[in-house]
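Here's a quick walk through a protein chain for anyone meeting it for the first time. Have a look at the picture, then read on.

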Amino acid sequence: MRVPNSVVLPVGTHVDCCQEQEVAEKTHDIMARITAMLAERKSNLAHFIDNLEGSEEPKFYVDQWERLKEMESCTLTILNLVAVNCTDHHDIRKLEATILKHVKNEELFPEVVRVLPPVYRQVEAAIVDIAESEEMAAHGMMDLQYLLSKLSQREHLASLSRELLQDIMRYLHRIGLVVWYEEIKHLENTVFLQPTFLITMFKLLVRHHLVQQLESIS
């Protein structure tokens, strides 16, 4: 909701636990809830903005007003929910095909036709090579400056600057090849070259019935 021109594809899992009629009903209910949530958000933002504009000293709230106006201008496109049975490879392939179809839609993603400079592909290929090398730790974490030094050892990337690398890392983060939390101070110098490690770690920490499982331990 805070990212300009966001596109969201809702995915419903555990279809194998539902009857066919239930899937249709739940899909309709989820989409209706999302629509209601967006309408409520729009109404709340308009209410907050009106309150600030009608305050006795509006000049004291300029920063807050600007943030709210920025949030109000963020468009959010919600695609039709895809219901999948995660135990069925056919359904996984169907989801993959749906995602690919949407990301290739120029109306949804105008930048999909943008031509990247060759250095972007060169850095991407080099990072994949580093991530798959035997010397890479399983967690895939690497200091950004160290990554720059590793990349600079390659002849065609010898002149790679930190600024350009950061631009490329933002692109690679957006496409999901790496994870780089540059906005978090304690993580701004750390790059995760193996995003799947984070997924595995989060699955251990955040999962269904976690509280009940912990309470069952004597």
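This is a predicted model: local features need pLDDT of at least 70, side-chain atom pairs count only at pLDDT 80 or more; totals for chains, interfaces and linings use all residues.

## The surface

## The overall layout

The chain has eight helices and six strands. Starting from the N terminus, they come in the order β-β-α-α-β-β-α-α-β-α-α-β-α-α. The radius of gyration is 22 Å, well over the 17 Å that the globule rule gives for 218 residues, so the chain is more spread out than a compact globule.

If you'd like its dimensions, the C-alpha trace spans about 55 × 55 × 50 Å along its principal axes. Buried residues make up 26% of the 218 residues. Now take the contacts with a separation of 6 or more: 59% of them come from residues 24 or more positions apart.

## The nonpolar cores

Which residues touch the most other members of the largest nonpolar core? They are V123, I127, L147, L151, M169 and L193, out of 25 residues in that core. Helices α4 (118-131), α5 (144-152) and α6 (162-174) each supply at least two residues to this core, and α4 gives the most, with seven.

Leaving aside residues up to four places away in sequence, L151 touches V123, A126, I127, I130, L157, L160 and L165. Apart from this core lies another one, made of five residues, among them L45, I49, L52 and L68.

You'll find H102 in helix α3 (residues 89-103). Is H102 buried or exposed? Its relative accessible area is 17%, so H102 is buried, the cut-off being under 20%. Not counting residues up to four places away in sequence, H102 touches L9, L79, L108 and F109.

H14, on the other hand, sits in the loop between β2 (11-12) and α1 (20-53). With 52% relative accessibility, H14 counts as exposed, because the cut-off for that is over 50%. The backbone is worth a glance here too: H14 has a positive phi of about 60°, although it isn't a glycine. For background, most residues other than glycine have a negative phi.

Note on methods:
Residues are numbered from 1 along each chain as its sequence is written. Side-chain values use heavy atoms; hydrogens and water are left out. Helices (H or I, at least four residues) and strands (E, at least two) are DSSP runs, numbered from the N terminus. The radius of gyration is taken over C-alpha atoms; the globule rule is 2.2 Å times the number of residues to the power 0.38. Buried means under 20% relative accessible area, exposed over 50%, partly exposed in between (1.4 Å probe, protein chains only). Contact means heavy atoms within 4.5 Å. A nonpolar core is a set of buried Ala, Val, Leu, Ile, Met, Phe, Trp, Tyr and Cys residues joined through side-chain atoms within 4.5 Å.
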